[in-house]
Amino acid sequence: MNFGLSAEQVAIRDQARSVATAEVATRAAKIDASAEFDWDLHQRLAELGFLGLTAPEEFGGQASNTVSWCIVVEEIARASSAVSNGITLTDGMIHYISTLGTRDQKEKYIPPLIRGEKLCSFALTEPNTGSDAASVRTTARYEGDEVILNGQKMFISGAAYADHFIVVATVDRELRHKGIRTYIVPGDAPGLVVGEKLDLMGIRGFGTSPVFFDGCRIPASNQLGGNEGFRIVMQGLDGPGRLGAASQAVGLAQAAMESALTYSLERSQFGQPIFDHQAIQFMLADMSAEIEAARLLIWNAAWRRDAGLPFTKESSHAKLFAGDMCVRNVSNALQIFGGYGYSKEYPIERFYRDAKIHQIWDGTNQIQRMIIARQLKKQTESGIL
Ligand SMILES: Cc1cc2nc3c(=O)[nH]c(=O)nc-3n(C[C@H](O)[C@H](O)[C@H](O)COP(=O)(O)OP(=O)(O)OC[C@H]3O[C@@H](n4cnc5c(N)ncnc54)[C@H](O)[C@@H]3O)c2cc1C
């Protein structure tokens with residue numbers, strides 16, 4: 001067993017950390033305040049190869065491993081959750097297109113995503129379809145060589161800026177997951193309307209919006225993959241979805257811990273730096289241990305994915321633990337700032353608002369527990385627990 005990063009992984013971590021400090025952290029407060037997506041920064045990440053890290057080389061990617069990708073996501077998330085979302089969403093969409101798409105679809109859609117010229121959003125959630133993803137109500141009806149979509153999507157990250165959407169719809173609700181199909185829908189398709197950006201608590205610079213489909217017509221050739229849409233959607237969530245979210249959570253918790261540590265050494269009460277009070281030291285020590293534990297869960301799941309081993313349970317372990325850990329520790333970090341943590345004077349206020357999403361998206365942490373329990377039962381039944 002080897003816990004050390006390769007020379008290549010150390011190099012990419014150092015590069016991502018230096019860009020995060022010099023170019024992302026400096027813009028993070030403005031992105032949050034304006035709730036505007038920073039296209040220049042997204043393109044800068046593309047230039048560095050961070051948008052196509054795991055994508056196939058033949059389409060402009062670097063065919064790198066999932067562990068390296070998780071490291072990059074964590075480093076960028078230390079500076080801005082919203083900016084790191086550009087990486088996780090793009091990698092997720094490239095994953096779907098490269099595993100499911102036809103040759104034409106791959107050639108058409110993947111390179112502009114890797115170059116940071118276009119953005120693709122993922123539209124699964126609906127007003128009445130959240131955790132129960134198989135209950136999708138957006139319908140897909142085939143008419144000659146076209147598909148007509150009707151319905152509404154909710155909470156779609158990046159929708160306000162997206163050039164394309166991967167849309168999850170049903171050809172027959174009665175069939176539940178067996179009726180689910182996925183489609184690539186251009187943002188300017190007739191009948192598609194992106195609603196107003198939602199005024200969110202955190203992750204504000206990513207244009208999260210509802211999307212409406214009213215008789216939206218697309219060529220039937222825009223179907224992505226075959227009729228096993230639901231299984232594929234769930235597999236994508238296991239990988240870039242949950243491992244990306246978990247890596248973002250670790251990056252955010254790390255940034256919160258570092259800022260609380262610095263503050264605790266500078267702030268004095270009762271005639272000594274607050275760091276010297278054991279209660280503060282213990283909070284920081286717990287944070288340090290829990291961050292490391294979450295990181296190792298992520299790297300283990302990522303390593304299993306790269307090795308071609310099953311990793312559903314492990315990626316849910318990582319998402320569950322990292323999400324809960326992030327919320328708990330960012331809250332404790334703010335506590336160390338006292339009243340100053342509650343003002344916008346320090347980034348910890350933004351970190352606190354950004355943290356909560358990690359228990360909600362890519363399957364809430366209740367859903368992660370259900371997935372883990374299901375896997376435990378399956379493994380017991382097959383005698384491989
Ligand atoms: C900022 C943001 C960005 C997002 N981006 C995207 C995106 O890009 N694309 C997309 O498709 N979706 C996106 N989502 C949606 C997100 O994935 C959903 O919000 C999430 O899956 C939960 O669904 P819901 O909000 O409808 O909650 P619900 O499913 O209604 O759940 C409400 C509560 O009930 C709990 N619950 C539900 N079922 C069970 C159960 N069986 N057992 C125990 N507890 C249960 C949940 O854990 C939760 O606590 C985003 C959401 C947010 C807030």
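## The crossing of α6 and α8

In this predicted model, helices α6 and α8 pass each other in a left-handed crossing. Their axes come within 8 Å and cross at roughly 25°, an angle that falls under the 35 degrees used as the limit for roughly parallel helices, and α6 and α8 are therefore described as roughly parallel to each other. The residues that form the contact of α6 with α8 comprise 18 nonpolar, six polar and three charged ones.

## The crossing of α8 and α9

Helix α8, which spans residues 312–337, also packs against helix α9, residues 348–355, with axes that come within 9 Å and cross at roughly 160°. Since angles over 145 degrees count as roughly antiparallel, α8 and α9 are therefore roughly antiparallel to each other. The crossing in which α8 passes α9 is left-handed.

On the α8 side, the contact is made by C326, V327, V330, S331, A333, L334 and F337, and on the α9 side by I348, E349, F351, Y352 and A355. Sorted by class, the contact of α8 with α9 contains 10 nonpolar residues, one polar residue and one charged residue. An α-helix has 3.6 residues a turn, so residues three or four places apart point the same way.

The buried residues are I348, E349, R350, F351, R353, D354 and A355, where buried means under 20% relative accessible area. Among them, I348, E349, F351 and A355 also take part in the contact with α8.

The cover over the buried residues of α9 includes α8 together with α1 (7–34), α3 (66–79), α4 (81–100) and α6 (229–266).

## The chain as a whole

The protein chain contains 10 helices and nine strands. Its radius of gyration is 21 Å, close to the 21 Å that the globule rule gives for 385 residues, so the chain is as compact as a globular protein of that length. Taken along the principal axes, the C-alpha atoms of the protein chain fill a box of roughly 80 × 55 × 40 Å.

Of the 385 residues of the protein chain, 54% count as buried. When contacts between residues at least 6 apart in sequence are considered, 72% of them join residues at least 24 apart.

Methods. Residues numbered from 1 in each chain as written. Predicted model: local features only at pLDDT ≥ 70, side-chain atom pairs only at ≥ 80, totals over all residues. Heavy atoms only, no water. Axes fitted to C-alpha atoms, helices over the stretch in contact; angles between N-to-C directions. Helix = DSSP H or I, 4+ residues; strand = E, 2+ residues; numbered from the N terminus. Parallel < 35°, antiparallel > 145°, perpendicular 65-115°, else oblique. Left-handed = near helix turned anticlockwise from the far one by under 90°. Contact = heavy atoms within 4.5 Å. Nonpolar A, V, L, I, M, F, W, Y, C, P; charged D, E, K, R; others polar. Rg over C-alpha atoms; globule rule 2.2 N^0.38 Å. Buried < 20%, exposed > 50% of the residue type's maximum accessible area, 1.4 Å probe, protein only.
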